[in-house]
Amino acid sequence: KVIFTLFALIEMEIEILLLNPKEPQNSVNSILKETGCDGLVFDENEKNNIPENISTYSIPSISDNGNIGTTESNQIDIEKPATIIRTSGSSGNPKYAVHSLKNHFASANSSNSIIPFGHNDVWILSLPLYHVSGLSILFRAIACGGGVGIKERKESLISLIKDKLITHVSLVEIQLKQLLDDEKTASQLIGFKCVLTGGGPVSVKTREACQSRGIPLRVTYGNTEMASQIATTSQNAGQIVSKDAGKVLPHCNVKIADDGEILVKGESLFLGYLEKERLVDPR
(Lines give C-alpha, C1' and ligand atoms only; values in the text may rest on other atoms or scores of the structure.)
Protein backbone atom coordinates (compact mmCIF):
# COMPACT_ATOMS: atom_id res chain seq x y z
CA LYS A 1 0.00 0.00 0.00
CA VAL A 2 2.78 2.43 0.86
CA ILE A 3 4.54 1.99 -2.50
CA PHE A 4 1.26 2.25 -4.41
CA THR A 5 0.42 5.47 -2.55
CA LEU A 6 3.92 6.87 -3.09
CA PHE A 7 3.68 6.60 -6.86
CA ALA A 8 0.04 7.68 -6.91
CA LEU A 9 1.15 10.94 -5.29
CA ILE A 10 4.03 11.27 -7.74
CA GLU A 11 1.59 10.84 -10.62
CA MET A 12 -0.50 13.63 -9.10
CA GLU A 13 2.67 15.78 -9.12
CA ILE A 14 2.52 16.25 -5.35
CA GLU A 15 5.89 16.74 -3.69
CA ILE A 16 6.56 14.01 -1.15
CA LEU A 17 8.55 14.31 2.05
CA LEU A 18 9.51 10.81 3.16
CA LEU A 19 9.51 10.38 6.95
CA ASN A 20 10.71 7.70 9.31
CA PRO A 21 7.45 6.15 10.64
CA LYS A 22 9.12 5.84 14.06
CA GLU A 23 9.92 9.56 14.22
CA PRO A 24 8.74 11.03 17.57
CA GLN A 25 5.68 13.26 17.31
CA ASN A 26 7.49 16.42 18.40
CA SER A 27 10.09 15.77 15.70
CA VAL A 28 7.37 15.19 13.08
CA ASN A 29 5.76 18.49 14.03
CA SER A 30 9.11 20.26 13.71
CA ILE A 31 9.90 18.69 10.33
CA LEU A 32 6.51 19.57 8.89
CA LYS A 33 6.86 23.14 10.09
CA GLU A 34 10.40 23.48 8.69
CA THR A 35 9.40 22.18 5.27
CA GLY A 36 5.99 23.77 4.99
CA CYS A 37 4.20 20.50 4.30
CA ASP A 38 0.43 20.89 4.44
CA GLY A 39 -0.64 17.27 4.56
CA LEU A 40 0.34 14.00 6.20
CA VAL A 41 -0.29 10.52 4.82
CA PHE A 42 -0.37 7.75 7.39
CA ASP A 43 -0.96 4.04 7.71
CA GLU A 44 -4.16 3.29 9.64
CA ASN A 45 -2.05 1.16 12.00
CA GLU A 46 0.35 4.05 12.72
CA LYS A 47 -1.76 6.87 14.13
CA ASN A 48 0.46 7.93 16.99
CA ASN A 49 2.51 10.51 15.07
CA ILE A 50 -0.28 12.63 13.64
CA PRO A 51 0.12 16.28 14.70
CA GLU A 52 -2.76 18.68 15.16
CA ASN A 53 -3.72 21.42 12.70
CA ILE A 54 -2.65 19.56 9.57
CA SER A 55 -4.64 17.74 6.89
CA THR A 56 -4.35 13.98 7.21
CA TYR A 57 -5.02 11.16 4.76
CA SER A 58 -4.93 7.45 5.47
CA ILE A 59 -3.29 5.21 2.89
CA PRO A 60 -6.51 3.27 2.12
CA SER A 61 -8.43 6.52 1.51
CA ILE A 62 -5.87 7.64 -1.06
CA SER A 63 -5.54 4.32 -2.84
CA ASP A 64 -9.28 3.74 -2.89
CA ASN A 65 -10.53 7.23 -3.66
CA GLY A 66 -7.64 9.32 -4.98
CA ASN A 67 -8.91 12.14 -2.76
CA ILE A 68 -5.82 14.35 -2.50
CA GLY A 69 -5.83 15.72 -6.00
CA THR A 70 -5.70 14.95 -9.70
CA THR A 71 -3.64 15.96 -12.69
CA GLU A 72 -5.20 17.45 -15.79
CA SER A 73 -2.83 15.60 -18.06
CA ASN A 74 -1.23 12.19 -18.23
CA GLN A 75 2.10 13.92 -18.85
CA ILE A 76 4.31 14.32 -15.79
CA ASP A 77 7.00 16.98 -15.71
CA ILE A 78 10.05 14.91 -14.76
CA GLU A 79 12.13 18.00 -14.00
CA LYS A 80 9.82 19.35 -11.31
CA PRO A 81 10.50 18.69 -7.60
CA ALA A 82 9.10 15.26 -6.76
CA THR A 83 10.64 14.01 -3.51
CA ILE A 84 12.17 15.51 -0.38
CA ILE A 85 14.61 13.32 1.52
CA ARG A 86 16.10 14.21 4.85
CA THR A 87 19.87 13.67 4.80
CA SER A 88 21.64 11.65 7.48
CA GLY A 89 23.46 14.70 8.82
CA SER A 90 26.82 12.96 8.73
CA SER A 91 28.56 16.27 7.96
CA GLY A 92 26.39 18.50 10.12
CA ASN A 93 22.69 19.06 10.76
CA PRO A 94 20.29 17.05 8.57
CA LYS A 95 19.11 18.88 5.45
CA TYR A 96 16.15 18.40 3.12
CA ALA A 97 17.33 17.35 -0.34
CA VAL A 98 14.86 17.87 -3.20
CA HIS A 99 14.97 15.59 -6.27
CA SER A 100 13.09 15.42 -9.53
CA LEU A 101 12.03 12.20 -11.25
CA LYS A 102 14.74 12.94 -13.80
CA ASN A 103 17.34 12.80 -10.99
CA HIS A 104 16.04 9.48 -9.68
CA PHE A 105 15.88 7.81 -13.09
CA ALA A 106 19.34 9.08 -14.05
CA SER A 107 20.69 7.33 -10.98
CA ALA A 108 18.63 4.20 -11.65
CA ASN A 109 19.67 3.87 -15.30
CA SER A 110 23.31 4.40 -14.43
CA SER A 111 23.17 1.76 -11.71
CA ASN A 112 21.42 -0.69 -14.01
CA SER A 113 24.12 -0.17 -16.63
CA ILE A 114 26.80 -1.62 -14.34
CA ILE A 115 24.67 -3.98 -12.22
CA PRO A 116 22.50 -6.08 -14.54
CA PHE A 117 18.91 -6.05 -13.27
CA GLY A 118 16.04 -7.10 -15.52
CA HIS A 119 12.63 -8.67 -15.97
CA ASN A 120 13.53 -11.98 -14.33
CA ASP A 121 15.21 -10.38 -11.31
CA VAL A 122 13.91 -9.38 -7.87
CA TRP A 123 15.63 -6.81 -5.63
CA ILE A 124 14.76 -6.97 -1.92
CA LEU A 125 13.46 -3.73 -0.44
CA SER A 126 15.78 -4.20 2.54
CA LEU A 127 16.41 -0.53 3.31
CA PRO A 128 13.89 2.14 4.38
CA LEU A 129 12.06 4.25 1.80
CA TYR A 130 12.76 7.44 3.77
CA HIS A 131 16.44 6.90 2.91
CA VAL A 132 17.65 7.39 -0.66
CA SER A 133 19.20 3.89 -0.71
CA GLY A 134 15.78 2.32 -0.20
CA LEU A 135 13.88 4.62 -2.55
CA SER A 136 16.44 4.06 -5.32
CA ILE A 137 15.56 0.35 -5.41
CA LEU A 138 12.04 1.22 -6.59
CA PHE A 139 13.32 3.48 -9.36
CA ARG A 140 15.79 0.82 -10.57
CA ALA A 141 12.92 -1.64 -10.81
CA ILE A 142 10.67 0.78 -12.72
CA ALA A 143 13.49 1.74 -15.08
CA CYS A 144 14.18 -1.83 -16.20
CA GLY A 145 11.03 -3.79 -15.35
CA GLY A 146 12.60 -5.74 -12.51
CA GLY A 147 10.69 -6.93 -9.45
CA VAL A 148 10.86 -5.79 -5.83
CA GLY A 149 10.73 -8.19 -2.89
CA ILE A 150 8.82 -6.58 -0.03
CA LYS A 151 9.40 -7.66 3.56
CA GLU A 152 6.26 -8.02 5.64
CA ARG A 153 6.11 -6.09 8.89
CA LYS A 154 7.21 -9.01 11.12
CA GLU A 155 9.21 -10.92 8.51
CA SER A 156 12.96 -11.20 8.99
CA LEU A 157 15.44 -10.31 6.28
CA ILE A 158 16.92 -13.80 6.58
CA SER A 159 13.60 -15.45 5.78
CA LEU A 160 13.11 -13.27 2.70
CA ILE A 161 16.62 -13.96 1.40
CA LYS A 162 15.81 -17.67 1.37
CA ASP A 163 13.15 -16.97 -1.28
CA LYS A 164 14.50 -18.54 -4.47
CA LEU A 165 13.14 -15.67 -6.60
CA ILE A 166 15.42 -13.06 -4.96
CA THR A 167 18.46 -12.08 -7.04
CA HIS A 168 19.63 -8.72 -5.64
CA VAL A 169 19.89 -7.12 -2.21
CA SER A 170 21.13 -3.79 -0.79
CA LEU A 171 22.64 -3.81 2.69
CA VAL A 172 24.64 -1.80 5.16
CA GLU A 173 27.64 -3.65 6.59
CA ILE A 174 26.01 -4.58 9.90
CA GLN A 175 23.19 -6.32 8.01
CA LEU A 176 25.68 -8.17 5.82
CA LYS A 177 27.65 -9.34 8.87
CA GLN A 178 24.47 -10.73 10.44
CA LEU A 179 23.70 -12.66 7.26
CA LEU A 180 27.25 -14.01 7.04
CA ASP A 181 26.97 -15.29 10.62
CA ASP A 182 24.13 -17.59 9.52
CA GLU A 183 25.73 -20.28 7.36
CA LYS A 184 22.51 -21.25 5.58
CA THR A 185 21.79 -17.64 4.70
CA ALA A 186 25.36 -17.02 3.59
CA SER A 187 25.10 -20.00 1.24
CA GLN A 188 21.92 -18.46 -0.24
CA LEU A 189 23.80 -15.25 -1.03
CA ILE A 190 26.22 -17.20 -3.24
CA GLY A 191 23.41 -17.64 -5.76
CA PHE A 192 22.56 -13.94 -5.89
CA LYS A 193 23.50 -11.73 -8.82
CA CYS A 194 24.45 -8.79 -6.60
CA VAL A 195 24.92 -8.01 -2.90
CA LEU A 196 25.27 -4.22 -2.89
CA THR A 197 26.75 -2.87 0.34
CA GLY A 198 27.37 0.72 1.38
CA GLY A 199 26.14 3.43 3.72
CA GLY A 200 29.64 3.63 5.21
CA PRO A 201 33.02 1.92 5.02
CA VAL A 202 32.97 -1.85 4.44
CA SER A 203 35.82 -3.58 6.24
CA VAL A 204 38.45 -5.68 4.50
CA LYS A 205 37.43 -8.58 6.75
CA THR A 206 33.84 -8.46 5.48
CA ARG A 207 34.99 -8.13 1.86
CA GLU A 208 37.34 -11.10 2.24
CA ALA A 209 34.57 -13.19 3.86
CA CYS A 210 32.37 -12.59 0.82
CA GLN A 211 35.15 -13.19 -1.67
CA SER A 212 36.22 -16.47 -0.09
CA ARG A 213 32.63 -17.78 -0.19
CA GLY A 214 31.91 -16.58 -3.71
CA ILE A 215 29.29 -14.04 -2.64
CA PRO A 216 28.86 -11.40 -5.40
CA LEU A 217 29.65 -8.38 -3.25
CA ARG A 218 29.62 -4.89 -4.78
CA VAL A 219 30.76 -2.10 -2.44
CA THR A 220 29.27 1.30 -3.19
CA TYR A 221 29.74 4.93 -2.17
CA GLY A 222 26.97 7.45 -2.60
CA ASN A 223 25.01 10.22 -0.97
CA THR A 224 21.52 11.64 -0.79
CA GLU A 225 22.31 14.64 -2.99
CA MET A 226 23.27 12.40 -5.95
CA ALA A 227 20.16 10.22 -5.54
CA SER A 228 22.20 7.22 -4.33
CA GLN A 229 25.25 5.63 -5.97
CA ILE A 230 28.31 7.60 -7.04
CA ALA A 231 30.92 4.84 -7.30
CA THR A 232 30.67 1.05 -7.14
CA THR A 233 33.21 -1.76 -7.22
CA SER A 234 33.15 -4.55 -9.74
CA GLN A 235 32.13 -7.97 -8.46
CA ASN A 236 34.90 -9.45 -6.27
CA ALA A 237 37.52 -8.15 -8.65
CA GLY A 238 41.14 -8.94 -7.87
CA GLN A 239 42.94 -7.79 -4.75
CA ILE A 240 40.85 -6.25 -2.01
CA VAL A 241 41.84 -2.66 -1.24
CA SER A 242 40.78 -1.00 1.99
CA LYS A 243 38.26 1.83 1.50
CA ASP A 244 38.02 1.11 -2.24
CA ALA A 245 34.61 2.25 -3.51
CA GLY A 246 35.16 1.31 -7.14
CA LYS A 247 34.70 3.22 -10.35
CA VAL A 248 32.57 6.31 -10.75
CA LEU A 249 29.20 5.55 -12.36
CA PRO A 250 28.44 6.82 -15.90
CA HIS A 251 26.10 9.62 -14.76
CA CYS A 252 28.59 11.15 -12.31
CA ASN A 253 31.61 13.41 -12.41
CA VAL A 254 33.84 13.46 -9.34
CA LYS A 255 36.64 15.83 -8.35
CA ILE A 256 38.68 15.96 -5.14
CA ALA A 257 39.20 19.54 -3.96
CA ASP A 258 42.51 20.76 -2.54
CA ASP A 259 41.10 20.48 0.98
CA GLY A 260 40.00 16.87 0.38
CA GLU A 261 36.31 17.62 -0.13
CA ILE A 262 34.61 15.33 -2.66
CA LEU A 263 32.90 17.38 -5.37
CA VAL A 264 30.24 15.68 -7.49
CA LYS A 265 27.93 16.61 -10.32
CA GLY A 266 25.83 14.85 -12.94
CA GLU A 267 22.28 14.18 -14.11
CA SER A 268 21.25 12.71 -10.77
CA LEU A 269 22.40 15.75 -8.77
CA PHE A 270 19.51 17.04 -6.68
CA LEU A 271 17.71 20.31 -7.36
CA GLY A 272 18.75 21.86 -4.06
CA TYR A 273 17.97 22.02 -0.35
CA LEU A 274 14.61 23.03 1.02
CA GLU A 275 15.25 25.87 3.48
CA LYS A 276 12.40 27.80 5.11
CA GLU A 277 10.01 26.46 2.46
CA ARG A 278 12.25 27.71 -0.37
CA LEU A 279 14.40 25.67 -2.75
CA VAL A 280 18.02 26.77 -2.40
CA ASP A 281 20.61 25.73 -4.99
CA PRO A 282 23.90 25.21 -3.07
CA ARG A 283 26.07 25.26 -6.20
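Okay, let's start with a helix pair: Glu173, Leu176, Lys177 and Leu180 in α7 meet Thr206, Ala209, Cys210 and Arg213 in α9. "Meet" here is about contact, which is heavy atoms within 4.5 Å. By class, this contact of α7 with α9 has four nonpolar, one polar and three charged residues. For those classes, Ala, Val, Leu, Ile, Met, Phe, Trp, Tyr, Cys and Pro count as nonpolar, Asp, Glu, Lys and Arg as charged, and the others, Gly among them, as polar.

Before I go on, this is a predicted model: local features need pLDDT of at least 70, side-chain atom pairs count only at pLDDT 80 or more, and totals for chains, interfaces and linings use all residues. Residues are numbered from 1 along each chain as its sequence is written, and side-chain values use heavy atoms, with hydrogens and water left out.

Helices (H or I, at least four residues) and strands (E, at least two) are DSSP runs, numbered from the N terminus. So how do α7 and α9 cross? The axes of α7, residues 173-181, and α9, residues 204-213, come within 11 Å and cross at roughly 45 degrees. That makes α7 oblique to α9. Axes are lines fitted to C-alpha atoms, for helices over the stretch in contact, and angles run from 0 to 180 degrees between N-to-C directions. Under 35 degrees counts as roughly parallel, over 145 as roughly antiparallel, 65 to 115 as roughly perpendicular, and the rest as oblique.

Next up, α5. Helix α1 (residues 2-11) packs with α5 (residues 132-144) at an angle of about 75 degrees, and their axes are 13 Å apart. That puts α1 roughly perpendicular to α5. On the α1 side we have Ile3, Leu6, Phe7 and Ile10, meeting Leu135, Leu138, Phe139 and Ile142 in α5. Which classes are in there? Eight nonpolar, no polar and no charged residues.

Helix α4 (residues 101-114) packs with α5 too, at about 75 degrees, with axes 8 Å apart. Again, that makes α4 roughly perpendicular to α5. Among the residues making this contact are His104 and Phe105 of α4, and Phe139 and Arg140 of α5.

Last stop, Ser100, in strand β5 (residues 96-100). Is Ser100 buried or exposed? Buried, with a relative accessible area of 2%; the cut-offs are under 20% for buried, over 50% for exposed, and partly exposed in between, using a 1.4 Å probe and protein chains only. Not counting residues up to four places away in sequence, Ser100 touches Ile78, Glu79, Lys80, Ala82 and Leu271.
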